[in-house]
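Please open the structure in your viewer and keep the selection panel at hand. The stops below go from one selection to the next.

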Amino acid sequence: MIEVLVKSVIQLILLLLVAPLVTGIIRTLKARLQTRRGPGIGQPYRDLFKLLRKGMVIPNTASWIFSATPYIVFGTAALVGLMIPMTATDAPLSLFGGVLAVVYLLALGRFFLALGGLDTGSSFGGLGSSREMTISAIAEPAMMLAIFTVALSANSTNLSEMARSAVSQSWRFLAPSQILAFSGLFIVLIAETGRIPVDNPATHLELTMIHEAMLLEYSGPYLALIEWGASIKQLVLMTLLVNTFFPFGLSSSWMVSGLSLGLVFYLLKLLLLACCIVLVETTNAKLRLFRVPELLAVAFILGALALISTFLF
Amino acid sequence: MNLATLFGTLQTKFGKQVESMHAEHGDEAYIFLGDPNIRPITEYLRGELQARLVSVFAEDRRSREGVFFNYYVFEQRGDTQFLIVRAPVPAADPRFPSLSAELPAVNWQEREIQDWFGLTAVGHPNPRRVALHDNWPDVHPLRKDFPIDTVLPPFEGERHIYRPALGEGVLQVPVGPVHAGTIEPGHFSFAVAGEPILYLQLRMFYTHKGTEKLFEKLPIHKAVFLAESISGDSSFSHGTAFCQAIERAAEIEVPSDALIMRTVLLELERLCNHVADIGAIATDVGFVVANAHASRLKEMLLAANEQLAGNRLLRGMVCIGGVRRAWGAWQVELLRVAIDAFTREFRDLVALINSSESTRDRLEHTGILKPEIARDLGIVGVGGRASGIDLDVRRDHPYAAYRHLSFKVPVYQVGDVWHRMQVRIDEVQESISMIREAASRNLSGQFRVPVPPIPPNRCALSAVEGWRGEIIHWIRTGSDNRLERCKIKDPSLNNWPALVEAVQGNIIADFPVINKSFNLSYSGTDR
């Protein structure tokens, strides 16, 4: 019991600290590719710090849903973060069916975020929520299919089990099923984290926003919680991608030496994935809104093909 | 058409209504009517002579001649002459027939006359207020008996009532007047069914500053600065249009070197704004890298502007009688180097945008403005040329040094965002070659002539092709180095309604990029 607690605390601290760092790195890399200097990789920390100290403006029309949403978004993201292996193959927590719980906890957070967008009755929030739901309706099954492919080859939906099996056959990612699943999951990652070509995280145009439109009424600590939660969710999805497909350096135990080596490997892998995301974001324009489902359908088909090919090869 | 022939024809057709006719400054022909009934003569000019109604405006002449005058400015394709029809509106019965039902292009302009002069446009299909908002008290600020220092009581009463959009699942999305980002205020009320836009209602004139009234107060040489601030991104074009009007009225001969310099600076202003717009269109579809490069290119030009004019936005350079400072050989050389570098980099920028399939996919077939609608609405400038409206003041009524330069006017029929960007790209290339040609001349001659006292009671019209499109200034000089009236028409005034048509059937998420592809001025519209 104490062991679980200690592991959870360590991983939670890691999550809370690394998540804004990844956001900062992505933003800085993007700025550099746009010949800008950018505000530096520490900016997300400064933003969170600033927001947490500020007062809040809560619309008169808001109900309890509006106030509950930030906690739910943050809480589900952090909980999911404790269920995935970050530096060691053993995740601190393993709840109700592992990877299925991951998918549905994330969905719960998103569901409440959409409700929070609708709750105030502002038209932009409504636009954002309806768009978010349209996209997630396809993104979710695509994610499930891709993850099931990995689960099948590991014979378990427990994420720690999946990681262990991946470590034991570390070149498995070259298998066709894994490559297809990885591609599908990468598209889902782009969509779920609100990045170009699906959504533009840097826009000021309310009419084009998806994720940001739902947050327009939030301010102060609530906004900080949602932003932090969103960056943790991004980190979780990225971790899922790097650790289940490329398990290099995952420590098999929670010893200090193994963990620190694991951490170095983990950060390197995240950095590589961040570079990929930045390249996709920089070289593409945002898709037409009605084209986004087409892109996600591609992710879905990739996932389906991945699943089928597990049985073929 | 020959002026005497036209006068004969008009007199036989309309008899006594056509009182007199005279030409001024070579290419302005004034036709004076005896009564306000403008309809038959407009029908004839538009129908048989294929003339285009450029602008409609009013003037309060009650103190001198006992009436208001309405002016209708026409132009004919292939004729550099403007035809200005003047119709009196009696002070006792201030009503004039509206042309908006047949000619939607004058919709807002007639309503401006209603609001500012208190003349009623009889038969206007939508006579609600446009230039003064609904909660203004019942005043008419451009009347001469309205002192400029009047302090109005706090505004009360109903704000503008938008037409309701009804139907199952139809939602009204209000946007503005305060927007995210650094843009000016304007209210957009969308009626949407899900994502597609059914109907857009616009409300402008939040930045109405009484500019036309202010012109009547300032000494003329100071009014040049006011003209430069009508629309911040068109400082030089508006400034030039104003100076040209004064120069025509006072018959000042501007030295040819100054005309060339004005031409170069007008084209530099076009370059800066076009390249910034190309970048902004790319930003609005999320292709931010293109904007990063476009901003860099714009900065190169702004830096050159500062060396040439002492101001990055070219303010304070144009003056009555020429330009304010001469260019040394080093400045001309600097311009040449800057343009060479810009040309190379601009080619890369265009290649970058063309290579991005996803950008092209977003811009093509988005926000289509059909040519026939553009014609009805009287769309001018970039937006017009992308929709088959072949107008360009530089070619049609040459001013400055344009009659000595050769250039093409790009015209497309498609009218989508991609082609509005394409018009800009083509015009940038034309501007580059124009600047090159103009800057190859020896510019060491006289750049400014002394300005004699401006004679009173002279009228003059001046047209300039700003980067957005046709800018019109019409002035009547007064005594004591002041103006009696200064009418300003920014191209944005005509073009805003085009946005309403172009967005219909598009999804609301595409509105920002459609809006950006027109990039209209709020300040220039509202004045």
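Domain bounds come from an automatic or database domain assignment, and on that basis chain B is divided into domain 1 (3-122), domain 2 (170-203) and domain 3 (211-526). This is a predicted model, in which local features need pLDDT of at least 70 and side-chain atom pairs count only at pLDDT 80 or more, while totals for chains, interfaces and linings use all residues. Residues are numbered from 1 along each chain as its sequence is written, chains being lettered from A in the order in which they are written.

Select domain 1 and domain 2 of chain B: their C-alpha centres lie 36 Å apart.

Next, show the whole of chain B, whose C-alpha atoms fill a box of roughly 70 × 65 × 50 Å along the principal axes. Colouring by DSSP runs (H or I of at least four residues for helices, E of at least two for strands, numbered from the N terminus) brings up 18 helices and 15 strands. Of the 527 residues in chain B, 49% count as buried, meaning that 20 or more other C-beta atoms, placed from the backbone, lie within 10 Å of the residue's own.

Technical notes: A residue is buried if 20 or more other C-beta atoms lie within 10 Å of its own, exposed if 12 or fewer, and partly exposed in between; C-beta atoms are placed from the backbone.
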